[in-house]
Structure formats: structure tokens, C-alpha cells
Amino acid sequence: MADLDCVIVGYNDGDFDDYRVMCERAGAQSPEMQIFRKEHLVVDDRAMPLMEVINTVRNRTTGRSDRYHVGEVFNLAGLYLTNYLRRRGVSAEPISLFSAEAGHLVDLLERRPAVVAVTTTFYVNIVPVIPVVELIRKHAPGTHVVVGGPLVDNLCRAGISDEVSDHLWAMGADTYVVESQGERTLHELCVAVKEGRDLDSVGNLVHAGSGEWRMTRRAPEANDLDDCWIDWSQFRDDQLGATCQTRTARSCAFKCSFCDYPSRAGALTLASVDTVRREMRLLAERGVRNVVFVDDTFNVPPKRFKEFCRMMIEEDLGLSWYSYFRCSNARDTETFDLAARSGCKGVFLGIESGDDDVLSNMNKLAQDAQYRTGIRELNARGVTTFASIIVGFPGENERSVQNTVDFLNETKPAFWRAQAWWANPKSPVFKQQEIHGIEGRGYQWKHRTMTSEEAAGHCDAMFERVTEPVWLPLYDFDFWSLPYLDGKNVGVDDLTAVLRTAQRLMSERDHRNASPQTLGKTFGELERQITALSPTPAKFTVD
């Protein structure tokens, strides 16, 4: 009899070369290819994302085989679901990063778990799911495989069309969870599989017991975040480390017109400050130094945010924290003072645009002046700021793009990145499709004021014209690499120097037709900066 009920598999980062091929197929002028160009350098005649460049250069110098990867910060979905199941009497073990922990997953599969759950947070297509399911089938053919999370919820929300059915067969799971939360459904599924019960008794499932995919009854979940707090004391040291993620809220209080998340996740739901206090104490006791709050709007409501900050100051646990942050809801200097005193070390700012007309079209409920005040106040208190920009939303034009360039150069956040708008047909702006003349979806679109290829071109031009903040790559990096690397003893100042040189190298390669000698000289400078870093050993190793 199996001694393990469920294994939860977190994130599969996929193969970068496969990603390269996908971007190249989209076309040289496509947003996909523009993003790819600004996410890689060429080392030893091979395109590599920046974190792999760091690994390659350091290992060549040190003789080690370290694989630094933001996936060392354990996947929150895996930990949360493991905690949820264990509390309800279901034995469970999590896997964080599939590509680095496939061997450990095989070891767990040898214990013949009743269920393996594959999460899909961050996935925009089914490709990362397939190799995970294939490995499970190879080593534990009798185990029930369930896939859930945002990818499945998005695919199946409107029903099981022929196209959706094809995707479900291609992923290869036995069942799929269609529910924006899903933890209760997973628990009920684990119990049903263990007891050999008919799966029709479990709500929110898609399964093909009769040869065709069909949905069981809808059973909306409303899980109480205070009841679902994470008991960090139950996890091993190697599952925590110096940096951990957690959440204190579900959904978002706003209705930005480019985003369908609030419509999927429901009303904003909050954990109490006392629940957060309990988790912070446990994390500090385990030696965690950095906490990443993944709440979409961490400083909303403002009153609760101040209560949180005062709690952190009162507890004085020695924790630093990072989060998303809305400048428009930080309405007084006390907010910024409390944030800094409570340990705020870095914030992700969804600026999206430096143009008030575009912000109005996005229904951001924010203005340029509020962003300027917010960045100024955060910078003055030593909080690292990252500005995320969308280019090409309906109403965007050359003037609005220039306004965003001016905004970034004048406000000087520490880091920034711009990407072409991803046209989500389920987002609110598509209710005004005829008004804006929107045609297409994803990264292939046009509307009355811009095309997707023009947006990609503007992103490339911004890469050259935004000179004050430093570009932050997305693939295996992003803002969340900052707390991870800080936990590995790589501070923002050292990292900024590396990133600025990498940005210059990309610019010389893509925009300035630099000679091989110039490129070699710049890469030599980058090598010296990487070699000078003194990170603690990585958890993962290069194969």
C-alpha cells in the first residue's frame, strides 16, 4: 500500500532553445522575437538567458557546477497545497522546479502516490505540462494525474470545445480542475481516488471516463485565508532557504481593462494581520531573511497595509520584504515611512504607461503625477523600484510612447522593462473591441492606433532611449530574482553593474552593428563583473 497520497509538482521552466525556436517562428519583427532578443546573450555560440550566463561564467572560473535559478525560492503553489492537504489528513510532498528536481520526483513516484497534481501558474500554453506528465506516466503508470491552475481554468471556463478537448488529450492527464482556487477540489479528488469512488462525486473536474471529456458539477470554492495559513514549521530546511514566498490576499481590488484576473478570482479576499504575524514569526524562526508577498495589490486596502507595517515594526523579526505596490494608493508620506521601517526592500510597480490618456484607457485609476510621487518617495527611502511597462494598448501612439520614455528617464526607478501588449480576448477591453478596432489576439493584433509589430519596434527603440533605469530581463529572471539573489549574497548594487553591462552588450549586438572586437571587449567586462560576485552555493547543479 502506498505511503504517500499526493505529490504536487510546481513549475517547469522548459527548454530555452525550444523557446528560441518558437520566437523565431513568430517572425523577426514580432513581439515574441523582440522579447527574446532582450532576454539572451550568446556564449560559446549558444543563446542563453542571463542567469545561465552567470552560471556558465562562474562555473568556468570556479570549477563548480552551480545552477543559480529563481526556482530555488520554493514554488508557493506547491507548498500551499501540500500544507492544505496535510492539514486535512492527506499525506503530500511538493516539487518546486521540475527541471532541477526530476530525480527527486522519480524517487517520490517510486512510493506509488495515489495522485500527482501538476500546477500551471505562469503557463500561457500546454507545452510545459507535457514532459511532466510523460515522466509521471513512465515511472508511475498507475498513479492518477490531475492538472489544475490558471492554464486549465482559462482553457475550460467557456466549456469543452473540440480545440479544448485536443489540448486536454495532448497534456495527457486523467482529470483537470476547473476552479480558480481548487484546493478543496484537489483534497476531495485525493480522497475519492484513495477510496476508489466514482469521480463524478467530485465537483469542478473534467474527466473522460466515458471516452469524451465532460465536466462534473460546479462547486464554487471560497477558501478562508485565515484557515489556510501555512505552517512553515513542517517543511524541511532545503524547502525554505533564505527567501520564501507567501500571500496575504486573493484576487485584486481593481478592474484594469487589459486583465481578466479579477473576473476569474472573484472579490478581493484578505487574511487578517494576525494570521500574517503568525506566518512571519514561523518564517523568522526558520532562518528566512527575505519574504516575497505575491498579492497582486499588497498595499490595498491602505489601512490594512499600515496595520501590517506597524505589526512588522512591532515584531522586529529581522525580515526584509518585497511585493507588488500601487503608487496611486500610497496617499501620504506615512505610508512610505512605515513601509521602509517595516523592512520593505523592493517593489514591483505596474506602471504600464507614462501617458495619462493610455492609463485612462487601461482603467488604471492612476495618473502620471501619482506615479512620480510614489517612485520619488520610494527611491528616497532606499527601496528598490522596478517599473513594468505595456506598449501598444489601444490608444497608444508615438507621442504616448515618448511620454513613457520621458517618465522613466525623469523618475529613475532602479529597473524597468517594456513589452508589447498581449491582447487577451477575455479581458474587459475586448468589450470595446469595435470602438478601438481591435483585431487579432495574443501577440498578433492591430487596432486603430498601432499594430503588434509597431509595438515591438517601439519596445526596441525604448531599449535605446531609456537611459536612467536598468533593463531587467524576464526569462528566468524578472523582479523576483532580486530577493532570490539577495538571499544568495548578491546585492542590488553588484547586480545592477552586471545588468547594465549586459544591456550594453545587447544594444551593441542588436542596434549598433558593433565589431566582434567591441563585443568581445564588452563581454570581457561582463565576465569580470560576474566573476567578482560572491554568491553562496546554489541548491541545484548543472547537469
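How far is the sulfur of Cys459 from the closest cysteine sulfur, and in which residue does that sulfur lie? In this predicted model, the distance is 14 Å and the partner is Cys23, which is too far for a bond. This briefing considers the cysteines, an annotated domain, a pocket and some details of the backbone.

**Cysteines**

- The count of disulfides in the model comes to zero.
- Because a disulfide requires two cysteine sulfur atoms within 2.5 Å, the 14 Å between the sulfur atoms of Cys459 and Cys23 is too far for a bond.
- Cys459 counts as buried, as its relative accessibility is 0%.
- For Cys228, the closest cysteine sulfur belongs to Cys190 and lies 15 Å away, again too far for a bond.
- Cys228 is likewise buried, with a relative accessible area of 5%.

**Annotated domain**

- An unreviewed UniProt entry lists residues 236-469 as "domain: Radical SAM core".

- Helix 3 provides the largest share, with five residues.
- Sorted by class, the lining has eight nonpolar, seven polar and eight charged residues.

**Backbone details**

- Most residues other than glycine have a negative phi, and most peptide bonds are trans.
- The peptide bond from Val300 to Pro301 is cis, and its omega is near 0°.
- Pro301 is placed in the loop between strand 14 (290-293) and helix 12 (302-315).
- Ser251 has a positive phi, near 75°, although this residue is not glycine.
- The loop between strand 12 (249-250) and helix 10 (261-265) contains Ser251, and this residue counts as buried at 2% relative accessibility.
- Leu365, also a residue other than glycine, has a positive phi near 55°.
- Leu365 is found in the loop between helix 14 (356-361) and helix 15 (368-380).
- With a relative accessible area of 58%, Leu365 is exposed, whereas Ser251 is buried.

Conventions. Residues are numbered from 1 along each chain as its sequence is written. This is a predicted model: local features need pLDDT of at least 70, side-chain atom pairs count only at pLDDT 80 or more; totals for chains, interfaces and linings use all residues. Side-chain values use heavy atoms; hydrogens and water are left out. UniProt positions are given in the numbering used here, feature names are shortened, and annotations may be inferred rather than shown by experiment. Helices (H or I, at least four residues) and strands (E, at least two) are DSSP runs, numbered from the N terminus. Ala, Val, Leu, Ile, Met, Phe, Trp, Tyr, Cys and Pro count as nonpolar, Asp, Glu, Lys and Arg as charged, and the others, Gly among them, as polar. Buried means under 20% relative accessible area, exposed over 50%, partly exposed in between (1.4 Å probe, protein chains only).
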